[in-house]
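User: I'd like to learn how to read features in a model like the one below. Please take me through it step by step.

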Amino acid sequence: MTAYDTNNIFAKILRGEIPCHKVYEDEHTFAFMDIMPRCPGHTLVIPKEPARNILDISPESLAHVARTAKKIAVAAMKAFNADGITLQQFSEPASGQVVYHLHMHVMPRVEGVMLLPPATRKEDVKALEDHATRLIAALKG
Ligand code: 5GP
């Protein structure tokens, strides 16, 4: 497997070199809005520990990601008046992975509404701001 690239876009987001709409951070994980959401509220959860994908992440770091994904999922149900949640994680090009720092997609779903295909369009900054604000409020309970 290819080695972890410290200059991947999510590593740059973690280092604060590229902006993002952050919704949550703790000692081990970081969560922010996907710039090309497949549905309103599409959030990405990443580990702080460098990992390319499911094949090299430590079980401990993966558990931290899962714990944060659960927090985001519960908050997203409320923030986006969702009926369900889709979680997705892609590993290596054959799977559809395009950014090589492990990330869990958390996508709030509304009954009968299909997900957009990946990378359909860049969301407006205003919409991303609004979604992040709603999610942060729901995370506070
Ligand atoms: P993958 O196919 O690797 O699982 O998905 C990568 C995800 O990262 C895609 O959903 C894409 O929209 C998102 N993405 C790519 N570049 C950026 C970026 O610069 N900022 C944010 N917030 N999301 C990004």
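User: Are Phe10 and Phe32 buried or exposed?

Analyst: Buried means under 20% relative accessible area, exposed means over 50%, and partly exposed lies in between (1.4 Å probe, protein chains only). Both Phe10 and Phe32 are buried. Phe32 has a relative accessible area of 2%, so Phe32 counts as buried. Keep the source in mind: this is a predicted model, where local features need pLDDT of at least 70, side-chain atom pairs count only at pLDDT 80 or more, and totals for chains, interfaces and linings use all residues. Residues are numbered from 1 along each chain as its sequence is written, and side-chain values use heavy atoms, with hydrogens and water left out.

User: How many aromatic pairs are found in the whole structure?

Analyst: A pair of aromatic rings is described by the distance of the centres and the angle of the planes. Rings of Phe, Tyr and Trp (its six-membered ring) pair if their centres lie within 6.5 Å; planes under 30 degrees apart are stacked, over 60 edge-to-face, and the rest tilted. The search finds two aromatic pairs. Phe10 and Phe32 are edge-to-face, because their ring centres are 5.2 Å apart and their planes meet at 80°. This pair links distant parts of the chain: Phe10 is in helix H1 (residues 9-14) and Phe32 in strand S2 (residues 29-33), 22 residues apart. Helices (H or I, at least four residues) and strands (E, at least two) are DSSP runs, numbered from the N terminus.

User: Which pair is tilted?

Analyst: Phe30 and Phe32, at 5.9 Å centre to centre with 50° between the planes. Phe30 has 7% relative accessibility, so Phe30 is buried. Phe10, Phe30 and Phe32 form one aromatic cluster.

User: Which residues are closest to the ligand?

Analyst: A residue is near a molecule if one of its heavy atoms lies within 4 Å of it. Here 16 residues surround the ligand, and the closest are Asp34, Gly96, Val98, His103 and His105.

User: What lies 2.5 Å from an oxygen atom of the ligand?

Analyst: A polar side-chain atom of Asp34 is 2.5 Å from a ligand oxygen. For His103, a polar side-chain atom is 2.6 Å from a ligand oxygen. Val98 uses a backbone N or O atom, 2.7 Å from an oxygen of the ligand.

User: Where is Ile54?

Analyst: Ile54 is in the loop between strand S3 (43-47) and helix H2 (59-79). Its relative accessibility is 38%, so Ile54 counts as partly exposed.

How values were computed:
Polar contact = N/O pair within 3.5 Å; in protein donor to acceptor, adjacent residues only side chain to side chain.
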